Amino acid sequence: MKILLIEDDPQTSAYVANGLREQGHVVDHSTSGRDGLFLASGGGYDVMVIDRMLPSVDGLAIVKTIRAAGVKTPVLLLTALGGVNDRVEGLEAGADDYLTKPFAFSELHARVNALARRPPMADDATVLRVGDLELNRLKRMVTRGGKRIELQPQEFRLLEYLMRNAGQVVTRTMLLENVWEFHFDPHTSVVETHISRLRAKVDREFDEELIHTVRGSGYSVSVSA
Amino acid sequence: MSPHSFFRSTSFRLLAWYVVVFGASVAILLFIVYWITLAALDEQLSDSVERETQVLVELYRARGLDSVERAIQLRAVELRPPRRYYLLQDTAGTRIAGNLPPMKPTEGEIVLPVSQLFPGRRAKPDDPADAYPVVAHGRKLDHGEFLLVGENRYRAVKAQEAIVRAFGWGIAITVLLAAGGGAVLGVGFLRRIEAINRTTRSIMDGDLSKRVPASGGGDEMDHLAINLNAMLDRIQVLMESLKQVSDDIAHDLRTPLSRLRHRLEDARVKAGSDGEVVIGQAIAELDAILETFSALLRISQIEAGARRAAFSDVSLGQIVSTVSETYAPVAEDRGQRLEAIIDRTLSIHGDRELLTQMVANLIENPISHCPAGVEITVELRQEGGRPVLCVADTGPGIPASERERVFRRFYRLEASRTTPGSGLGLALVKAVANLHGASVELSDNHPGLRVTVRFHAAGAGGARTYPARDATGVAHGVAQ
């Protein structure tokens, strides 16, 4: 994957860039808003990771400018601002996702992956499939190996989100934001509880586990290799 | 501005006083005129009667009784009011001449009521011109005869009537003018007050750039507008510096903390199994610090009210039921029971994200602070047209003396010091409730704790009025 990183803090950018390169991605890095905007306008990237507070041209302005110019590349906005309005502002400017500093690299990586595969597929597919697990979004029905599985509405949404990102790591925060619309960190084990209930229904009676815990990162639904 | 609000306004009260005081002074003035005029007319009347008596007495002395009798016969036929009355009687009390019945001779001034003028005919006299009391002057003549000359009070009574009419008109016109003038002044005044209210409302809604319009006339209202604007400028500067400080702290504190976290993460990867656990704990500690710090910033920003600009109509019923459904399995895993009784039709004007967090905090509190076996009840219902959210548990509860204090930042009950949490949960609940003009109240659930959040009536300008702040009837009335 070809990723553009616009971040002025050398330590953070080194951390992000090295991490992404270790994961096998090609990373172009720019430290100033103006150079970043130039690179971003050129296009050709799969994902852009842009810091919100930059010298000269700030991150929001870059996103607005490239969106106005018709560049549709997914953008992940990074920010040290944890304000209640900041996320909304970022999304309104045209960013696709928003991550508050400090973050674990695994969180950033999961989100970059989710963004990269966002537009072309999965989103409008009626039936999602992972191995013998099948989720029909119209009929709101889940079967595994042809056997019907009854799910609560929230369990259905959780499984749907996991399956839409099948093969990818989905972090706890991503689940909270996308499944429950919680933009804060609950003090109780909401995600863990719901995952374990989902597992009990989806995996327990079957030989092969489809919902995997990725240690230190999150969860993923996949057929193990 | 509705008529309802006008009658409750200060200017209406001023206007009413204005009318009363003005009307009263006009009334007093007219009353004085009335008395003085009547007194003058009565004095004139008794003067004229006395003079006429004197004329007849002199005639008697010069020409004798017969001349007086003839004079009276000539004079007593006058038809037009005011009418004159005469009586001449001899020593035996028999009438010699005149148009009055004989009476007991009395010297000096006397007043004869209408009934005494025509005895026998009790009711009204035949001629309406006679229907007035008579002021008369009696005199004993030199040879024992009695002479009485009188004139009725026709003029005084007519003057009295005219003055009373003038009275009526005068007061009516005064009240009308006072009311009209006062209303014109009052409406202008009210309009300017309303402009100030509108401005302060939109500022409370988060638009800090608004200012009160000044007419430039240099009057007291202008001074008020100028002072308010100066105060608003100051508030705006303070709010902006709060935002600046938050941003600076965010940037200058979070950036190094981010670096620290990144280094720890790197170290964890490289440390091997021994160091991994320790470094993992260090990261967890760091995350807790960052979380507390974010929560503090968040509460300050909510309290600053900047968020109100983004309010929209949200389904409170849906938020509460989603959050309850989310937490029910969590409570179950801890051996607790969460029951939700929710009126899903309720909605308010507010911020979905913050309301979600508020409800989550309210439900998480009993889940994390109560032991297994408790029952948690989440109830959303309508009470007097207002949505009321109630989260009750059957746990240990909070002593009455500590109930107010738990809303303070970092305040933690003795019993919950060992459980994880920042001590900011209820402070955030309170901040979100305040932002929505809702009240939060803790009470005893016998046993346990009951938290009640009372919102405004949906649709009835819920987020438009802030009853805790608007003490004046004007602001409340015009918001309808």
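In what order do the four strands of the open sheet in chain A run? Notes below, starting with that.

1. Ground rules: this is a predicted model, with local features needing pLDDT of at least 70, side-chain atom pairs counting only at pLDDT 80 or more, and totals for chains, interfaces and linings using all residues. Residues are numbered from 1 along each chain as its sequence is written, while chains are lettered from A and ligands numbered from 1 in the order in which they are written.

2. The sheet: the order is S6-S7-S8-S9 in chain A, with antiparallel pairing. Helices (H or I, at least four residues) and strands (E, at least two) are DSSP runs, numbered from the N terminus; two strands pair if DSSP finds at least two bridges between them. S6 (127–130) and S9 (147–149) of chain A are the edge strands, each pairing on one side only. Ignoring direction, neighbouring strands are turned by 25° against each other on average.

3. Inside that sheet, S7 (residues 133–136) and S8 (residues 141–144) of chain A share four bridges in the antiparallel sense. Glu134(A) has Thr143(A) in S8(A) as its bridge partner. Helix H6 (residues 153–164) of chain A packs on the sheet, touching S6, S7 and S8 of chain A, and its direction makes about 70° with that of S6(A). Contact here is between residues whose C-beta atoms, placed from the backbone, lie within 7 Å.

4. Helix pair: the axes of H2 (residues 33–42) and H3 (residues 59–68) of chain A come within 10 Å and cross at roughly 25°. Axes are lines fitted to C-alpha atoms, for helices over the stretch in contact, and angles run from 0 to 180 degrees between N-to-C directions. H2(A) and H3(A) are therefore roughly parallel (angles under 35 degrees count as such). On the H2(A) side, Gly33(A), Gly36(A), Leu37(A), Ala40(A) and Ser41(A) meet Ile62(A), Thr65(A) and Ile66(A) of H3(A).

5. Why call Val112(A) buried? Because 25 other C-beta atoms lie within 10 Å of Val112(A), and the cut-off for buried is 20 or more. Not counting residues up to four places away in sequence, Val112(A) touches Ile3(A), Val47(A), Val49(A) and Leu76(A). Leu20(A) is 92 residues from Val112(A) in sequence, yet their C-alpha atoms are 9.5 Å apart.

6. Interface: 31 residues of chain A are in contact with 36 residues of chain B. H8(A) gives the most to the chain A side, with four residues.

Notes
Parallel < 35°, antiparallel > 145°, perpendicular 65-115°, else oblique. Contact = placed C-beta atoms within 7 Å. Buried ≥ 20, exposed ≤ 12 C-beta atoms within 10 Å, placed from the backbone.
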